[in-house]
Amino acid sequence: MSKSISGFSKLSKSKKIDWIVSTYFSNAESAKNILKQYWNNNEKLQQLHDEFIENTITNYYLPLGVAPNFLINDKLYTIPMAIEESSVVAAASKAAKFWLERGGFKTKVISTTKIGQVHFKFSGNIDTLQPFFNALKPKLIEESSDITKNMTKRGGGILDIELRDKTAELENYYQLHASFETLDAMGANFINSCLEQFAKTLKSEALKHQGFSEDERGIDVIMSILSNYVPDCLVRAEVSCPVEDLSENKAMSGEAFAHKFIEAVNIAEIEPFRAVTHNKGVMNGIDAVILATGNDFRAVEAGVHAYAARHGRYSSLTHAKVEDGIFTFWTEIPLALGTVGGLTGLHPLVKLSLEMLHNPSAKELMQIVAVAGLAQNFAALRSLTTTGIQQGHMKMHLMNILNQFEANTDEKEVLTAHFKNNTVSHSAVTEALNKLRVDGEK
């Protein structure tokens with residue numbers, strides 16, 4: 001039976017592990033060995049990883065793969081991808097090769113504005129609060145100057161601060177809604193520091209404001225926090241070619257492929273059940289590059305999915321059309337990314353990944369990540385509308401099934417050859433492996 005513990009965070013790493021394995025595992029020694037086998041032999045490197053988060057007991061590995069042949073704005077990239085799902089890297093690579101021969105990907109950053117808010121309660125009304133805010137706004141910026149001076153020197157900083165009346169949705173609720181430019185930094189700490197200073201200034205100035213009643217002076221700040229919804233931090237990626245160039249074999253013409261492909265996108269635009277899976281495919285590519293480059297995939301996921309529902313119904317992140325014989329497939333997607341700060345300067349593999357991408361600026365990384373998402377979605381839709389998704393995916397999944405049953409090298413070689421011309425399924429692989437082992441015992 002599990003038991004609680006006091007002072008866990010103060011224990012040494014080895015003591016933490018001793019408590020965990022003795023409390024939760026029937027074979028404590030085996031559990032401890034599994035945890036320790038993922039430690040890095042380089043003590044300094046292991047300490048670096050230990051200090052990324054709290055209560056670290058081991059490292060959790062994800063494969064880091066690469067997808068070559070991405071031509072983006074006439075520049076070639078090999079894109080690093082950290083992900084556990086079979087077929088994602090292969091699909092991205094296949095899409096990259098397909099579009100390499102058709103002009104590659106074209107991208108542009110539309111905007112890079114990020115948002116933060118001070119959420120507060122005010123017992124008066126907007127007619128009293130608005131004049132106070134108008135006079136306060138320059139002071140909000142002035143009293144944040146120690147925080148913003150270095151960012152401002154580089155061309156970033158606070159872009160604007162608005163007062164927003166939200167009392168129609170929640171009694172007495174208002175916001176200071178601020179927009180920021182953080183250049184190559186993700187900017188979370190910078191934005192949150194500015195917001196907390198705004199809150200201090202707001203409260204202190206309200207207490208002195210002669211235009212407020214006693215009750216109105218006591219502004220109640222609920223919280224000050226950035227938003228991961230960044231609809232104005234937007235990047236566009238697209239591919240296009242003559243319709244006839246879409247055909248790769250005689251089984252389906254370019255026109256037929258374009259028709260089915262566009263219909264598949266149209267379905268995702270109007271059917272939320274399909275749109276969620278459709279967009280998950282986009283995020284397969286995006287998340288993998290975000291992880292490899294040390295960015296916050298959870299923040300990006302939250303913001304992207306909110307953007308997909310911005311019109312009141314969850315819809316596709318990608319779009320397709322044919323005009324004047326030209327097929328075009330594109331996405332416009334919000335991506336708040338950074339190439340300095342956080343893990344980007346600490347994690348050795350993150351630094352390696354960024355160097356592999358020619359040490360991009362934040363704007364360049366936005367474009368690369370958007371392309372990875374578009375390529376992944378193209379590959380998925382091409383499979384869905386032609387051979388079906390399972391044929392390619394399950395062949396990539398074959399090795400996972402074989403590893404699950406601890407197949408040896410010879411068994412893997414035989415069964416990989418067998419399933420080149422046979423449908424892969426969990427039951428089919430199990431049956432073939434069992435038969436191979438029985439035959440081997442005869």
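Which helices and strands do the buried residues of H9 pack against? In this predicted model, the partners are helix H10 (272-292), strand E9 (318-323), strand E10 (326-334) and H13.

## Helix H9

Helix H9 covers residues 254-270. At 1.5 Å a residue, its 17 residues should span 24 Å, and the end C-alpha atoms are 25 Å apart, which agrees.

The buried positions in H9 are Gly254, Phe257, Ala258, Phe261, Ile262, Ala264, Val265 and Ala268. Viewed down the helix axis, they fall within an arc of 155°, so they line one face of H9. An α-helix has 3.6 residues a turn, so residues three or four places apart point the same way.

Seven of the nine residues of E10 are buried, so the strand is largely enclosed by the rest of the structure. E10 pairs with strand E8 (residues 233-242) in the antiparallel sense, over nine bridges. In this pairing, leucine 234 has proline 334 of E10 as its bridge partner.

E10 also pairs with E9 in the antiparallel sense, here over six bridges. Threonine 318 has threonine 331 of E10 as its bridge partner. The hairpin of E9 and E10 has two residues between the strands, and aspartate 324 takes a positive phi near 55° in it.

## Nonpolar cores

The largest nonpolar core has 63 residues, and those with the most contacts inside it are Phe70, Phe327, Phe329 and Leu335. Helix H13 (residues 362-384) supplies the largest share of this core, 12 residues. Apart from this core lies another of 28 residues, including Phe122, Leu136, Met151 and Leu226. In soluble globular proteins, nonpolar side chains tend to be buried together.

## Alanine 375

Alanine 375 is found in helix H13. Its relative accessible area is 0%, which means that alanine 375 is buried. With neighbours within four places in sequence left out, alanine 375 is in contact with Phe70, Ala95 and Phe105. Phe70 is one of the residues with the most contacts inside the largest nonpolar core.

Alanine 375 and alanine 28 are 347 residues apart along the chain, and their C-alpha atoms are separated by 45 Å.

## The four-stranded sheet

Four strands form an open sheet in the order E5-E6-E4-E7, with antiparallel pairing. Strand E5 (157-165) and strand E7 (220-227) stand at the edges with a single partner strand each, so one side of each has no neighbour in the sheet. On average, neighbouring strands of this sheet are turned by 15° against each other, direction ignored.

Strand E4 (residues 114-121) and E7 run antiparallel and are joined by seven bridges. Isoleucine 115 stands opposite serine 227 in E7.

## Helices across the sheet

Helix H5 (residues 126-142) lies across E4, E5 and strand E6 (173-181) and runs at about 170° to E5. Helix H7 (residues 188-208) lies across E4, E5, E6 and E7, and runs at about 160° to E7.

Conventions
Residues are numbered from 1 along each chain as its sequence is written. This is a predicted model: local features need pLDDT of at least 70, side-chain atom pairs count only at pLDDT 80 or more; totals for chains, interfaces and linings use all residues. Side-chain values use heavy atoms; hydrogens and water are left out. A nonpolar core is a set of buried Ala, Val, Leu, Ile, Met, Phe, Trp, Tyr and Cys residues joined through side-chain atoms within 4.5 Å. Buried means under 20% relative accessible area, exposed over 50%, partly exposed in between (1.4 Å probe, protein chains only). Two strands pair if DSSP finds at least two bridges between them. Axes are lines fitted to C-alpha atoms, for helices over the stretch in contact, and angles run from 0 to 180 degrees between N-to-C directions. Contact means heavy atoms within 4.5 Å. The expected span of a helix is 1.5 Å times one less than its number of residues. The arc is that of the directions from the helix axis to the C-beta atoms.
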